[in-house]
Amino acid sequence: MKQQLPDEFYQLLEEIQALDFAIVELTLYLDTHPKDLERMQQYNELAHQSKQLKQQFEAKYGPLQQFGNSYTDANWGWGTYPWPWQI
């Protein structure tokens with residue numbers, strides 16, 4: 001049986017994915033335009049927003065990444081919620 005997740009789970013995950021997509025695109029752009037200060041500022045702003053949303057998501061629904069990229073608390077949360085590719 002598939003676990004019913006709150007709408008906020010999907011909303012946060014979609015926002016994170018959209019920000020991370022934009023960050024990847026800006027990374028590719030900056031590889032070829034390394035002196036574009038405006039895009040560097042935009043990159044930093046989006047990276048900050050992404051980090052904040054990931055912290056918010058992980059506080060409610062558990063870690064998004066492994067290998068030390070996400071912290072854990074006293075309640076080991078791996079596998080509690082479906083992984084992003086499972087939804």
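**Entry 1: a helical turn**

I began with F57 and Y61, which are 4 residues apart in helix α2 and therefore separated by about one helical turn. I took helices (H or I, at least four residues) and strands (E, at least two) as DSSP runs, numbered from the N terminus. I noted that this is a predicted model, where local features need pLDDT of at least 70, side-chain atom pairs count only at pLDDT 80 or more, and totals for chains, interfaces and linings use all residues. Residues are numbered from 1 along each chain as its sequence is written, and side-chain values use heavy atoms, with hydrogens and water left out.

**Entry 2: the whole chain**

I looked up the secondary structure and found 2 helices and 0 strands. Next I checked burial (buried is under 20% relative accessible area, exposed over 50%, partly exposed in between, with a 1.4 Å probe and protein chains only). Of the 87 residues in the chain, 24% are buried. The chain exposes about 6800 Å². Carbon and sulfur atoms supply 53% of that area. These areas come from the Shrake-Rupley method with a 1.4 Å probe; for residues, only the protein chains shown count as cover.

I then turned to contacts (heavy atoms within 4.5 Å). I took those between residues at least 6 apart in sequence, and 56% of them join residues at least 24 apart.

**Entry 3: S50**

I found S50 in helix α2, which covers residues 37–61. Is S50 buried or exposed? Its relative accessibility is 3%, so S50 counts as buried. I left aside its neighbours within four places in sequence; S50 is then in contact with L19, D20 and I23. The side chains of S50 and D20 make a polar contact at 2.6 Å. For that term I used a pair of N or O atoms within 3.5 Å; within protein, one must be able to donate a hydrogen and the other to accept it, and residues adjacent in sequence count only if both atoms are side-chain atoms.

**Entry 4: aromatic rings**

I paired rings of Phe, Tyr and Trp (its six-membered ring) if their centres lie within 6.5 Å; planes under 30 degrees apart are stacked, over 60 edge-to-face, and the rest tilted. The count came to 4 aromatic pairs. F9 and Y61 form an edge-to-face pair, 5.1 Å centre to centre with 85° between the planes. F9 lies in helix α1 (residues 7–32) and Y61 in helix α2, so this pair ties together parts 52 residues apart in sequence. Both F9 and Y61 are buried.

I went back to F57 and Y61. Their ring centres are 5.2 Å apart and their planes are at 50°, so the pair is tilted. Both F57 and Y61 are buried. Finally, I noted one aromatic cluster, formed by F9, Y10, F57 and Y61.
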